Amino acid sequence: MRRLRDLGYTEVKCGCEKGDCGACAVLLNGEAINSCLVLAWQADGADILTSSGTGTAEQPHPLQAAFADTGAIQCGYCTPGLIISAKRCWIAPPTRPSTRSRGVEGNLCRCTGYGHIVNAIQVAAEKLAAGGAR
Ligand code: FES
Ligand code: FES
């Protein structure tokens with residue numbers, strides 16, 4: 001079986017490979033999915049966004065910047081999946097409770113602790129609310 005990361009998208013992490021950890025999350029036609037559960041033919045013709053597609057080193061997405069700026073990253077293995085999961089909240093600016101329930105839903109982090117991660121998402125949400133969501 002070939003994974004997205006085998007095709008060069010190394011930001012898509014390989015974790016449990018059972019749909020439990022969220023390390024492999026991507027947006028598939030705008031929906032956050034665990035890519036380890038999707039076969040290639042199921043994604044044929046779909047728009048796929050990985051965390052690297054959300055911003056660049058020169059112009060990081062507010063989520064990427066907030067994770068780095070607020071200490072929400074330790075080993076970083078969970079971060080790409082968390083950014084994708086948080087991004088799905090952007091239909092409306094997330095509140096702190098909705099960030100806790102939906103923004104990090106299905107994503108396991110073994111090192112940072114979710115307090116910093118929720119803070120990072122809220123910082124990004126405030127920036128996005130001030131400047132328009134993307
Ligand atoms: S590797 Fe896909 S959910 Fe864990
Ligand atoms: S920062 Fe290490 S698993 Fe989340």
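Predicted model: local features only at pLDDT ≥ 70, side-chain atom pairs only at ≥ 80, totals over all residues.
**Entry 1**

I began with a general point: two packed helices are described by the angle between their axes and the distance between the axes. I therefore looked up both values for each pair, since these are the terms in which packing is described.

Helix α1 covers residues 62-69 and helix α4 covers residues 114-131. I found that their axes come within 8 Å and cross at roughly 135 degrees. An angle over 145 degrees would count as roughly antiparallel, and 65 to 115 as roughly perpendicular. The pair α1 and α4 is therefore oblique. I noted the crossing of α1 past α4 as right-handed.

Next I listed the residues in this contact. From α1 they are P62, L63, A66 and F67. From α4 they are I117, A120, I121, V123, A124, K127 and L128. Sorting the residues of this contact by type, I recorded 10 as nonpolar, none as polar and 1 as charged.

**Entry 2: helix α1 against helix α2**

I then turned to helix α2, which spans residues 79-87. The axes of α1 and α2 come within 10 Å, and they cross at roughly 130 degrees. These two helices are therefore also oblique to each other. Here too I noted a right-handed crossing, with α1 passing α2.

On the α1 side, the contact is made by L63, Q64 and F67. On the α2 side, I listed T79, L82, I83, A86 and K87. The residues of this contact divide into 5 nonpolar, 2 polar and 1 charged.

**Entry 3: burial of helix α2**

How many residues of α2 are buried? I found 9 of the 9, so α2 is largely enclosed by the rest of the structure. The buried residues include T79 and K87, which I had already listed in the contact with α1. P80, G81, I84 and S85 of α2 are likewise buried.

**Entry 4: residue A23**

My last entry concerns A23, which I located in the segment before β1 (25-28). Is A23 buried or exposed? Its relative accessibility is 6%, and a residue under 20% counts as buried, so A23 is buried.

I also looked up the surroundings of A23. Leaving out residues up to four places away in sequence, A23 touches V12, K13, G15, Y77 and G81. One of these, G81, is among the buried residues of α2. For K13, I recorded a separation from A23 of 10 residues in sequence and 5.2 Å in space, taken from C-alpha to C-alpha.

Key. Residues numbered from 1 in each chain as written. Chains lettered and ligands numbered in written order. Heavy atoms only, no water. Axes fitted to C-alpha atoms, helices over the stretch in contact; angles between N-to-C directions. Helix = DSSP H or I, 4+ residues; strand = E, 2+ residues; numbered from the N terminus. Parallel < 35°, antiparallel > 145°, perpendicular 65-115°, else oblique. Left-handed = near helix turned anticlockwise from the far one by under 90°. Contact = heavy atoms within 4.5 Å. Nonpolar A, V, L, I, M, F, W, Y, C, P; charged D, E, K, R; others polar. Buried < 20%, exposed > 50% of the residue type's maximum accessible area, 1.4 Å probe, protein only.
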